[in-house]
Amino acid sequence: MSTTGQVPVVAGLFEQGPNGVRLVGSRCAGCNTLYFPVAFSCRNPICHDKRLAAAHLPERGTLVSYTVQHYQPPPLFRMDEWAPYAIGLVALGEGVEVMGMLTGVAVDQIAIGMQVRLTTETLFTDAERGSVVTYKFAPCLGEPTT
């Protein structure tokens, strides 16, 4: 789903609407397992009902690990203004952990256990597609947790 004047870096990873951004995954009808990104069949070996339905993932989570990338990402994820950046592993609950770039926090201020929220930011702009955005995680500084 594109937003006004913006397109997602990869279609189907997230949706942005009036209530904010949400990652799009799948939930199994049989065992209730949640997947990200969208899966085509339940991978739970003890589940015999492989039917999946679209599901939105929680927009807040806990940072469980991170690393700082000192090299440019592949062309699909290029950045207009590249600088070393952090990628975090965020626990969203229900056993789902999602990797995403971190934003809104200096590298030396990142802390395992910090609460983060989903957001989007422009990666690059090109003449053909316009503003190309991706999801990122930002700290919940001063925000109430849910």
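Predicted model: local features only at pLDDT ≥ 70, side-chain atom pairs only at ≥ 80, totals over all residues.
In what order do the elements of the protein run from the N terminus on?

View 1. Starting at the N terminus, the elements read β-β-β-β-β-β-β-β-β-β. That gives ten strands and zero helices for the secondary structure. Among contacts between residues at least 6 apart in sequence, 51% join residues at least 24 apart.

**View 2. The overall dimensions of the protein****.** Along the principal axes, the C-alpha atoms fill a box of roughly 45 × 40 × 30 Å.

**View 3. The largest nonpolar core****.** Here you are looking at a core of 22 residues, where Leu 23, Phe 36, Leu 57, Val 98, Tyr 135 and Phe 137 have the most contacts inside it. At least two residues of this core come from each of β3 (20-28), β7 (85-93), β8 (96-102), β9 (115-126) and β10 (130-139). A second, separate core holds eight residues, including Tyr 85, Ile 87, Leu 123 and Phe 124. In soluble globular proteins, nonpolar side chains tend to be buried together.

**View 4. The surroundings of Tyr 135****.** Neighbours within four places in sequence are left aside here. Tyr 135 is then in contact with Leu 13, Phe 14, Leu 23, Phe 36, Val 98, Met 99, Gly 100, Leu 118, Thr 119 and Thr 120.

**View 5. Surface and charge****.** The protein has an accessible surface of about 8400 Å², and carbon and sulfur atoms account for 55% of that surface. Of the 146 residues, 38% are buried. There are 10 positive and 12 negative side chains, with the centres of the two sets 8 Å apart.

Notes. Residues numbered from 1 in each chain as written. Heavy atoms only, no water. Helix = DSSP H or I, 4+ residues; strand = E, 2+ residues; numbered from the N terminus. Buried < 20%, exposed > 50% of the residue type's maximum accessible area, 1.4 Å probe, protein only. Contact = heavy atoms within 4.5 Å. Areas by Shrake-Rupley, 256 points an atom, 1.4 Å probe, with all protein chains shown as cover. Lys, Arg positive; Asp, Glu negative; His and termini not counted. Charge placed at Lys NZ, Arg CZ, Asp CG, Glu CD. Core = buried A, V, L, I, M, F, W, Y, C linked by side-chain atoms within 4.5 Å.
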